[in-house]
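The sequence and structure come first.

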Amino acid sequence: MDLFEVILSIHIGLGIICLLSGMVSMLAAKKKGRHTKWGEVYHGSYAALAATAIILAIWKWNEIAYLFYIAVFSYGLAIYGYVARKQKWKSWLQHHIRGMLGSYIGAVTALLVNIGDSIPLLNKLPDLSYWFLPTIIGSPLIYIVARRYRKTSSVLKKISY
């Protein structure tokens, strides 16, 4: 196994951790504990995932340059959502939801672009759909979730962690 394959293997492992921890965090009750612990795992694995994606993309730029752009944009959303929460920006919850769910859409997009043609049923779709399907499905979900957690004193009391 050459160095590229080692980094790719690490990248794949980080991607699995990122997608699973993000899902656990999304499904957990929004309070200190499970949500925040898995959210930290998600953010940490996403940072490392983005770093390995950038390395891999630069290494084989002519073949996978798109990975660089997905990594930078998606991790940018993760940082946006993470910092909004940590620094308690005005309306931080809305920013947190949009950033974190947007970054998750980016991770799913990267996954589908790379292996969508080997997933039953999805492999019937045109390759271009792998780029847009996560956003088409995920954007309305971001809207619904953000709307559910609109800033009210009762909501903020429930999730003040």
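## Crossing of H2 and H3

The axes of H2 and H3, lines fitted to C-alpha atoms over the stretch in contact, come within 8 Å. They cross at roughly 155 degrees, on a scale from 0 to 180 degrees between N-to-C directions. Because angles over 145 degrees count as roughly antiparallel, H2 is roughly antiparallel to H3. The crossing is left-handed, meaning that the near helix is turned anticlockwise from the far one by less than a right angle.

This is a predicted model, in which local features need pLDDT of at least 70 and side-chain atom pairs count only at pLDDT 80 or more, while totals for chains, interfaces and linings use all residues. Residues are numbered from 1 along each chain as its sequence is written, and side-chain values use heavy atoms, leaving out hydrogens and water.

## Helix H2

Helices are DSSP runs (H or I, at least four residues), numbered from the N terminus.

## Nonpolar cores

A nonpolar core joins buried Ala, Val, Leu, Ile, Met, Phe, Trp, Tyr and Cys residues through side-chain atoms within 4.5 Å. The largest has 20 residues, and Cys18, Tyr42, Tyr46, Leu56, Ile64, Leu67 and Tyr75 touch the most other members. Helices H1, H2, H3 and H4 each give two or more residues to this core, and H2 gives the most, with seven.

Beyond its neighbours within four places in sequence, Tyr46 is in contact (heavy atoms within 4.5 Å) with Cys18, Ser74, Tyr75, Ser103, Gly106 and Ala107. A second, separate core of eight residues includes Leu101, Ile105, Ala146 and Tyr149.

Definitions and conventions: Buried means under 20% relative accessible area, exposed over 50%, partly exposed in between (1.4 Å probe, protein chains only). Angles under 35 degrees count as roughly parallel, over 145 as roughly antiparallel, 65 to 115 as roughly perpendicular and the rest as oblique.
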